[in-house]
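Please examine the sequence and the three-dimensional model shown below.

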Amino acid sequence: MTAQHYTSVAETDIGEGAPAADGSAPSTSRAGRNLPVAIVVGVVMGGAVVATLVWAKYAFLGIVAAGIALGTLEMGRRLRSGGYVIPMIPLLVGGQFTLWLTWPFGTGGALAGFGGTVVVCMIWRLISPKGRRAVRGPKAPPANYLRDVSTTVMVAAWVPLFGSFAALLIYHHDGPAKVFALAVGVVSSDVGGYAAGVLFGKHPMVPAISPNKSWEGFAGSLLLGISATAVTVIYLVGKPWYVGLLLGLAVVLTATLGDLVESQVKRDLGIKDMGSLLPGHGGVMDRFDGFLPSAVVGWIVLTLVP
């Protein structure tokens, strides 16, 4: 669930949106994706989430747990291919602890799980032979320790810790409505940004990071994202209109930021997608890079704002 603010076809990379050699319509959208397949996959995923929110809200935790595991695996695999030494076992196990400790202990459980994960990863990377054999020999001190541990902490925060904030919302008596409002905000930001960017996009936002995103698309994200979120918060969550406006603005900003952060990470690694698990979307992180930081601000606004 990312905020996409695409420029018009004239602004996109060469070849995107152009007709095929035989004159037929292109199989991909102007964003370089197979749009029909992406829509089907998105509807299926969204339907599964809505079904759990309506009939079995605690099953939503299983969806979040699976997403955290798959997202962590994707990030770890890509980082390892880029030369980073990532302690995957403690990162995966610790990510699940970070999530599931929220059930009995709430925010304290998430903090304990995250802190414990970081401590174990720091020690694991320090004593692991993989980080030194390839560079200095088996008896040498670890190489690139600071780089690898810093990257590991970023992954632990971005995926399991941020994802746990969505789980923290579900425990409320009106938790399903709050999670639904958060999801509506992220999806509406994505749809509004895509539509406005394709139709009106002329001015790139940050071409050095993501050349297909435009200020016109960002305006579309703000318009649809804030409107849809405000309506959902007022009529489903039962909070005042200003909470809905604040949530919508916060979600659009963080969803856009999350997408840009992932774009920069992929540029650093020299890849197009984090994975290929989701047809039409790429990997799990390609779809949920914006939802994860939005879960944090969603919890803040819907829990702490009076």
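The sections below describe the chain as a whole, then its strands, helices and aromatic rings.

## Basis of the report

This is a predicted model, in which local features need pLDDT of at least 70, side-chain atom pairs count only at pLDDT 80 or more, and totals for chains, interfaces and linings use all residues. Residues are numbered from 1 along each chain as its sequence is written, and side-chain values use heavy atoms, with hydrogens and water left out.

## The chain as a whole

The protein chain contains twelve helices and two strands. Helices (H or I, at least four residues) and strands (E, at least two) are DSSP runs, numbered from the N terminus. Read from the N terminus, the order of the elements is α-α-α-α-α-α-α-α-β-β-α-α-α-α.

Of the 306 residues in the protein chain, 51% are buried. Buried means under 20% relative accessible area, exposed means over 50%, and partly exposed lies in between (1.4 Å probe, protein chains only). A contact means heavy atoms within 4.5 Å. Among the contacts in the protein chain with a separation of 6 or more, 71% come from residues 24 or more positions apart.

## The two strands

Strand β1 (residues 204–206) pairs with β2 in the antiparallel sense over two bridges; two strands pair if DSSP finds at least two bridges between them. A hairpin of three residues joins β1 to β2. The bridge partner of P204 in β2 is S214.

Strand β2 covers residues 210–214, and four of its five residues are buried, so the strand is largely enclosed by the rest of the structure.

## Recorded transmembrane regions

An unreviewed UniProt entry lists residues 37–70, 82–103, 109–128, 149–171, 177–196, 217–235 and 241–261 as "transmembrane region". The UniProt positions are given in the numbering used here, feature names are shortened, and annotations may be inferred rather than shown by experiment.

In the model, residues 109–128 are 95% helix and 0% strand, with end C-alpha atoms 28 Å apart. Residues 217–235 are 100% helix and 0% strand, and their end C-alpha atoms lie 27 Å apart.

Helix α3 (residues 88–100) has 13 residues and reaches 18 Å from its first C-alpha to its last, close to the 18 Å expected at 1.5 Å a residue. The expected span is 1.5 Å times one less than the number of residues in the helix. Which residues of α3 are buried? They are M88, P90, L91, G94, G95, T98 and L99. Seen down the axis of α3, the buried residues fall within an arc of 160°, so they line one face of the helix; the arc is that of the directions from the helix axis to the C-beta atoms. These buried residues pack against α2 (59–81), α4 (102–105), α5 (107–127) and α7 (145–170).

G225 is found in helix α9 (residues 215–237) and is buried, with a relative accessible area of 0%. Not counting residues up to four places away in sequence, G225 touches G185, S188, S189, G220, G248 and V252. G225 and S189 are 36 residues apart in sequence, and their C-alpha atoms are 4.3 Å apart in space.

## Aromatic rings

The structure holds seven aromatic pairs. Rings of Phe, Tyr and Trp (its six-membered ring) pair if their centres lie within 6.5 Å; planes under 30 degrees apart count as stacked, over 60 as edge-to-face and the rest as tilted. One of the pairs, W241 and Y242, is edge-to-face, at 6.0 Å centre to centre and 85° between the planes. W241 is exposed at 57% relative accessible area, whereas Y242 is partly exposed at 40%.
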